[in-house]
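Please examine the sequence and the three-dimensional structure shown below. The paragraphs that follow lead through some of its features.

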Amino acid sequence: MATLDDKLLGEKIHNYCSSSEDEAGDDECDSSEASGTGKGSGKQGSSSKSGFRREADIEPSSLSQNKTHWTGTAGNTGPKGVIQDWQRFKQLEAERREQDEMEKVRLLKKLSITARTKEEDKAAEAMNELDAEFQELMDEDFLLEYQRKRMAEMLAMMDKKGCFGELIHLKDGGEFLQAVDKEDKNATVVIHIYREKYDPCIKMNEALSKLAKEYTNVKFCKFISSDAGLSNLFKTSGVPALLIYKGGQMIGNFVKLVDDLSDEFDFADVESFLVENGIINDKSCKPTIFEQK
C-alpha cells in the first residue's frame, strides 16, 4: 500500500529512507545500503540516475542554510520539511504585511498634517496679503505721524470739552448733591469747603476762580461749611478743604490745606498741588511725540 512519501516523492528506490518510517524501516534501509556497497559501482550509477542523495552525503552547512533561509524553493523533502518551509513562508508573509501597514500609517499621518481644503488655502492666501499690508503700515515714520495726529486730536477734544469756566457757588445740600451726582461721569468736580472771612479760605477761592477760567473741563465749586452742617471743630480747624469727585465717587479728600501749602500760598501753589495729585493736567508738559519731528 502506497504511503504519503510515495505520493510526494514517487516510487522509492533502494537508496531513499523515508522520514516517517519507524526504527525497523531504518534498519532495513541500512541493510539495503550495506548490500548496495558490496555490489559495486553499477548500483551506484543507478542511484545517481534516480536523482536522490543520502542525508549523510549532504554537507551540514547546506542543511542548516535550508532550514533558516527561504529561497523560494523547498530544500527539504518529506512532511517535516514541507511543514518547516510553510511555517517560514507564513512568517515572511506576516512580516511583509506588518511593514505594509506601518507604511500606510506613515503616509496617512503625513497627508493629515499637510493636506488643506480649497477654502483653507484661500483663507491662508488672504491672511498673507493682510500681513503684507500690515507690514507696510507698520513703517516707523507713518506710525509716528499717526500717533502725533491722534495725540493732537485728543488734546483738542479735552480743551473743547470744558463748559464751566467759573467758580460755582453751592447754596445748600441739594445743590451739592446735584453738582456731584448729576454731572458727566468723565468730568472732575472740585468742591471747596470754606469759612467766611477767613484769610486762607479767601485766598483759596481766588486761586480756584483763576483755575476755573484756565481749566474749563474741570468743575470748580465752593460751599460754606455752615451750610454743609459740619461740626464746629471742622469749621475752625478743617478748612480750607478740597473734596474731589468723579463719576459720583470721591477720589480725593484734602483737609486743612494750610498745612501743605503754608499760610502765604498763592495761585501757582494751588495749581502745582492739584497737578501733583493728578486732579488737573499740567498744560506746560507736552507729550514728547510732538518734539520728535
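At 31% relative accessibility, F89 counts as partly exposed, whereas W86, at 52%, counts as exposed. In these terms, buried means under 20% relative accessible area, exposed means over 50%, and partly exposed lies in between, with a 1.4 Å probe and protein chains only. The structure is a predicted model, in which local features need pLDDT of at least 70, side-chain atom pairs count only at pLDDT 80 or more, and totals for chains, interfaces and linings use all residues. Residues are numbered from 1 along each chain as its sequence is written, and side-chain values use heavy atoms, with hydrogens and water left out.

How confident is the predictor? The mean pLDDT of the protein chain is 74, and 63% of its residues reach 70 or more; pLDDT is the predictor's confidence in each residue, from 0 to 100. Over residues 29-52 pLDDT stays under 50, and the model has 14 contacts beyond four places in sequence for them. A contact means heavy atoms within 4.5 Å. Residues 63-68 also have pLDDT below 50, with seven contacts beyond near neighbours in sequence.

The aromatic rings come next. A search of the whole structure finds four aromatic pairs. Rings of Phe, Tyr and Trp (its six-membered ring) pair if their centres lie within 6.5 Å; planes under 30 degrees apart count as stacked, over 60 as edge-to-face and the rest as tilted. W86 and F89 form a tilted pair, 5.6 Å centre to centre with 35° between the planes. These two residues are separated by about one helical turn, because they are three residues apart in helix α5 (residues 78-114). Helices (H or I, at least four residues) and strands (E, at least two) are DSSP runs, numbered from the N terminus. Elsewhere, ring pairs link F176, F223 and Y245 into a cluster. The ring of Y198 has the charged end of R195 over it, 4.2 Å from the ring centre. A charge sits over a ring if NZ of Lys or CZ of Arg is within 6 Å of the ring centre and within 35 degrees of the ring normal.

Apart from neighbours within four places in sequence, M204 is in contact with H192, P240, L242, L257, L261, F265 and V270.

Strand β2 (residues 188-194) contains T188, which is buried, with a relative accessible area of 11%. Beyond four places in sequence, T188 has contacts including V218, I244 and I279.

How many disulfides does a search of the whole structure find? The search finds zero, a disulfide being a pair of cysteine sulfur atoms within 2.5 Å.

Finally, G278 is found in the segment after α12 and is exposed, with a relative accessible area of 59%.
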